[in-house]
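Reader: I am new to this structure. Could you take me closely through how its side chains pair up, starting with the aromatic rings and going on to the charged groups?

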Amino acid sequence: MVFAVEEINRNSTLLPGVKLGYRILDSCFRYPWALQGALSMVGGDAHSCDLTASTPQSAGGQLVPLLIGAAASTTGIMLSRILGPLSVPVISYLASCPCLSDRTKFPNFFRTIPSDIYQARAMAQLAIRFNWTWIGAVIVNNDYGQLAIQVFQEEIQGKGVCLEFIETVNRETIVNDARRAALKIKASTATVILIFCWYTDVKKLFLELATRNVTDRQFLASEAWSTSDDLLQDLAISKVASGVLGVAIRSSTIPGFENYLRNLHPSHRPDDEFFREFWQKEFGCTPGAEQSQETQASYFSSPRRTWSDHPSNVSSMSKEALLKASLPACSGTESLEGVQHPFTDTSQLRVAHNVYLAVYAAAHALHSLLSCPNRDSPPGNNSSTCSSPKHIKPRELLQHLKRVNVTTPQGEMFHFQGADIPAKYDLVNWQSTPDGSLKLVLIGHVDGFDLHLNESAIQWSTGSNQVPVSVCSESCPPGTRKANRKGEPLCCFDCIPCAEGEISNKSGSLHCERCPSEFWSNSEQTACVPRQLDFLAFNETLGITLTTAAVSGAAVTTAVFVVFLYYRKTPMVRANNSELSFLLLLSLKLCFLCSLVFIGRPSVWSCWFQQAAFGISFVLCVSCLLVKTLVVLAVFRSARPGAETLMKWFGPGQQRGSVGLFTSVQVIICAIWLSLSPPEPRRDLGFQGSKVTLECSMASVVGFSLVLGYIGLLACTCLLLAFLARKLPDNFNEAKLITFSMLIFCAVWVAFVPAYVSSPGKYVVAVEIFAILASSYGLLICIFAPKCFIILLRPEKNTKKHLMAR
């Protein structure tokens, strides 16, 4: 601040003819002292400074009503509220609380440091960028910490980042609080810890962590401690603090400042006790020993040192006086020219540069206020918008400060946006050096809400180039979705595999997406693939089984046909209407073979042919049985008196005609059905699975129902008639065999209907084939097995006498 004031006073274009004075008081981070010092400077007292002289004011001159400070946000809030009604401008260089941007509450507040909104958002962006979803936080229990973490939480909301804990520390009880926070960090599963504290608090915390050997945490630092030399040079905490990633106040250089510092000497500033103490520590001697006693006496009696009345300062100065007496006097040749010390290092000025900007902002506001052609006119003149150095009104200075547009000697443009300046930060990383200490490395910068980062330059706390992992639950891989755990934060979840037909093709999916109807999920549930066509094929197990059964049935039927043909002249064959028996065997063979049409890839022709073949074959078969039953009844009825003419209606020609008539009805039904609404191949998507069923769809359920209904009608009629003829007097009554066969036939097809309706996919076809084969085998076995047994194995019973016996 002193350098800036002296630089401005040497500037012939800025405030020409006006010299700035200054008065610096140390609040020692104590709010009452800060308030007392501010009121004494604004209200004026015996120690005030004149604008035109560097000596204490004694002639009742006017004060410049402007403060540069404070370093703490809470102090800035307090000073701004108290001085607000007086319209006294307050320019802070370090108070970064977002609340101070509210112009309705703090209209007289300005600052040369960005609001914490920007650094909190930058930290949130870092957490999101590196996928740190599980973070712990340690904050100081004041406006700085509370509001900064509030902004951080608002920024990460909905971004998949959670805070496992928030530990608060108080400066008054920092020892106990640091111990408690260290235990919490050690027990935590979060490996990334965010810290919004002052560097002295962080040092206590790191010492506690070092005691407990907690060295595997990645710390995110706020600007309050991210560039602290006190922490960087402390070897006791180097293992804990290695890899710290922080947001820092933008660094800059001030031309000429280093030379200014290195040319300072206690002899030039005999009243500067701070500099005398620094000189004594650096060179181990007492500067200006011949006048030290005089200086000490003037210190305690000087009216300019308002803060010297505090007991703590008196005590410290008494100890300092004793220490000075034990040190040798300085030779006067000591110089800071070659000294390497943080005090003389001006390569990265941060807070100091903010102070520099604050002084220039105040100077430019004063320059604007005082720059009038006739500023020396009496106050009552029309030039009331201008002021003279002796008649400065705080309200007018405040208005000019709002319009400040500064160009610093470095050519940097600077202006206020309300209370704030455009937000700019550095991103820094604490990296280990060979000697075990830590060094500060610039790895990026923040410009407003934009984050620019060189990730390859970062040295992490783990010592490797791999970004540390800090998650409550590992990200769900593709093919799964997140399922939140009851009663736990959103960042803690389980990974549930997607259901069949659903996919998630990226990590961390909240939901699984259902595949389109023509597609299905792959085995990993990560992509939708076209469904495979599914139908009852000849080369699969079920198809082979059914084909074998059908072919076997046709072969057995053929064998029976051959046996009957060979023994056609025997009584057993002739007695049972051999012509209808051969026709029945032929129809059964067609029934067995028609089932093969249902197997294989459905086509237009196969869909048409399979139902027609099925319906006609079975009607032909049942018609033969029905006519056989009618013949049996007619034969026995004709033996009664007066019924001789009955048999002429059941001769061979009538039998063939009856079979043809019954079958032709089914042919007509099939013809009408296939001409109006025939079955056709269709992909059935109703059955959910990786396969789409290719089947013959029944475009007309009525047509299919008529085909089945007509077969059922003939079968029920045949069953009824056969049942009536089962006890007719004969040693071998064929009606008994027909009765059993019709019972099996009807039972199979009654069971077929619910099984057909409820079967999925290609199994619908399998059910129909099974019904065809089961009913065909039932007819073949029940009717022809007993006859073949007698013909082949009991030829002695194959006689007319035996057949006619009662």
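Author: In this predicted model, Trp198 has a relative accessibility of 21%, so Trp198 counts as partly exposed, given that buried means under 20%. Tyr199, with a relative accessible area of 26%, is partly exposed as well. The count of aromatic pairs comes to 32.

Phe206 and Trp225 form an edge-to-face pair, at 5.6 Å centre to centre and 85 degrees between the planes. Phe206 belongs to helix 7 (residues 199–211), while Trp225 is in the loop between strand 7 (218–221) and helix 8 (229–232), so this pair ties together parts that are 19 residues apart in sequence. Phe206 and Trp225 are both buried.

Rings also gather in a group: one aromatic cluster is made up of Phe3, Phe257, Tyr260, Tyr356 and Tyr360.

Arg171 places its charged end over the ring of Phe29, 5.8 Å from the ring centre. Over the face of Phe784 lies Lys787, at 5.6 Å from the centre of that ring.

The whole structure holds 19 salt bridges. In one of them, the side chains of Arg217 and Asp216 meet at 2.7 Å, N to O. Arg217 counts as buried because its relative accessibility is 7%, whereas Asp216, at 47%, is partly exposed.

A salt bridge also joins Asp494 to Arg485, with the closest N and O atoms 3.2 Å apart. Asp494 is partly exposed at 37% relative accessibility, and Arg485 is partly exposed at 28%.

Arg682 and Glu695 form another salt bridge, their closest N and O atoms being 2.9 Å apart. Here the link runs between distant parts of the chain, from Arg682 in strand 21 (residues 680–684) to Glu695 in strand 22 (residues 691–697), 13 residues apart. Arg682 is partly exposed, at 38% relative accessible area, but Glu695 is buried, at 13%.

Salt bridges can also share partners, and in this way Glu167, Asp177 and Arg180 are joined into one network.

Notes
Residues are numbered from 1 along each chain as its sequence is written. This is a predicted model: local features need pLDDT of at least 70, side-chain atom pairs count only at pLDDT 80 or more; totals for chains, interfaces and linings use all residues. Side-chain values use heavy atoms; hydrogens and water are left out. Rings of Phe, Tyr and Trp (its six-membered ring) pair if their centres lie within 6.5 Å; planes under 30 degrees apart count as stacked, over 60 as edge-to-face and the rest as tilted. Buried means under 20% relative accessible area, exposed over 50%, partly exposed in between (1.4 Å probe, protein chains only). Helices (H or I, at least four residues) and strands (E, at least two) are DSSP runs, numbered from the N terminus. A charge sits over a ring if NZ of Lys or CZ of Arg is within 6 Å of the ring centre and within 35 degrees of the ring normal. A salt bridge is a side-chain nitrogen of Lys or Arg within 4 Å of a carboxyl oxygen of Asp or Glu.
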